[in-house]
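Morning, everyone. I'd like to walk you through one protein today. Please look at the structure while I talk.

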Amino acid sequence: MANNTRARRKVRLSRALGLALTPKAEKYMERRPYGPGQHGRARKKQDSDYAVRLREKQRLRAQYGIREAQMTRAFEEAKRTAGQTGENLVALLEMRLDALVLRAGFARTIAQARQLVVHRHIMVNGARVDRPSFRVSEGQLIHVHERSEKMGPFQIAAAGAHRDVLPAVPAYLDVKLEALQAKLVRKPKRSEVPVTCEENLVVEYYAR
């Protein structure tokens with residue numbers, strides 16, 4: 001029952017934000033490509049500049065499944081880093097452990113990736129890591145603990161079963177899926193990160 005409730009919430013949020021956050025939401029949105037609620041089909045009035053920036057920030061947050069405080073901290077770090085703040089922000093979020101577990105194909109959704117990390121199935125350079133927000137560094141190896149490899153979800157992942165709903169593995173990851181291993185070979189470039197976001201609007205939201 002709880003899983004169904006969470007799934008419905010994700011579908012509703014996906015429709016409100018205009019992008020599918022889960023494979024189930026994607027199927028639902030194909031049937032109902034409009035917002036939730038009784039006024040979902042109605043033509044909406046023009047959004048204010050603030051509303052547009054707010055929605056873009058919410059879209060980015062939702063794709064990584066993070067809290068507002070985590071998003072704010074990532075933005076502040078991105079602002080202090082040399083280069084374009086928006087591109088830095090996306091790269092920092094993408095280097096989270098849960099995000100890379102998803103990109104590698106070990107999980108089907110960001111929520112499942114976070115659960116795998118929290119339950120201590122995931123290791124980085126031979127050490128267990130149970131913080132989804134852990135920042136993976138260039139050259140570090142992400143792999144499944146040997147005692148977890150035989151579990152059903154990981155056997156399914158190793159067989160490539162999630163590839164039908166996930167984007168192609170980005171170039172900044174070197175993945176050996178059958179071995180349940182992935183290495184972050186370099187910092188992600190914005191053009192390679194498979195998230196839907198106009199990051200400059202997110203920067204404008206926080207800079208207001």
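Start with helix 4. Five names to find there: Gln-70, Met-71, Ala-74, Phe-75 and Ala-78 are buried. Why do they sit on the same side of helix 4? Because they cover an arc of only 135° around the axis. There is a general rule behind this. An α-helix has 3.6 residues a turn, so residues three or four places apart point the same way.

Now turn the helix around. The face away from the buried side carries Arg-73 and Arg-80, and both are exposed.

What do the buried residues of helix 4 pack against? Three other helices: helix 3, residues 49-64; helix 5, residues 85-94; and helix 9, residues 199-206.

How long is helix 4 itself? It runs over residues 68-80, which makes 13 residues. From first C-alpha to last, helix 4 reaches 19 Å.

A word of caution before we step back. This is a predicted model.

Now the whole protein. There are 9 helices and 5 strands. Read along the sequence, the pattern goes α-α-α-α-α-α-α-β-β-β-α-β-β-α. The protein has 208 residues, and 43% of them count as buried. Next, take the contacts between residues at least 6 apart in sequence. Of these, 55% join residues at least 24 apart.

On to the strands. Find strand 4, residues 173-176, and strand 5, residues 181-184. They run antiparallel, and 4 bridges join them. Together they form a hairpin, with 4 residues between the two strands. Look in the turn for Leu-180: its phi is positive, about 55°.

Let's check some pairs. Lys-176 stands opposite Gln-181 in strand 5. Val-175 has Ala-182 as its bridge partner.

Strand 5 has another neighbour. Strand 3, residues 141-144, is joined to strand 5 by 3 bridges, and these two also run antiparallel. Here Leu-141 has Lys-183 as its bridge partner.

Last point: the faces of strand 5. Which residues are on the covered face, and which on the uncovered one? Ala-182 and Leu-184 make up the covered face. Gln-181 and Lys-183 make up the uncovered one.

How values were computed
Residues are numbered from 1 along each chain as its sequence is written. This is a predicted model: local features need pLDDT of at least 70, side-chain atom pairs count only at pLDDT 80 or more; totals for chains, interfaces and linings use all residues. Side-chain values use heavy atoms; hydrogens and water are left out. Two strands pair if DSSP finds at least two bridges between them. Buried means under 20% relative accessible area, exposed over 50%, partly exposed in between (1.4 Å probe, protein chains only). Contact means heavy atoms within 4.5 Å. The expected span of a helix is 1.5 Å times one less than its number of residues. The arc is that of the directions from the helix axis to the C-beta atoms.
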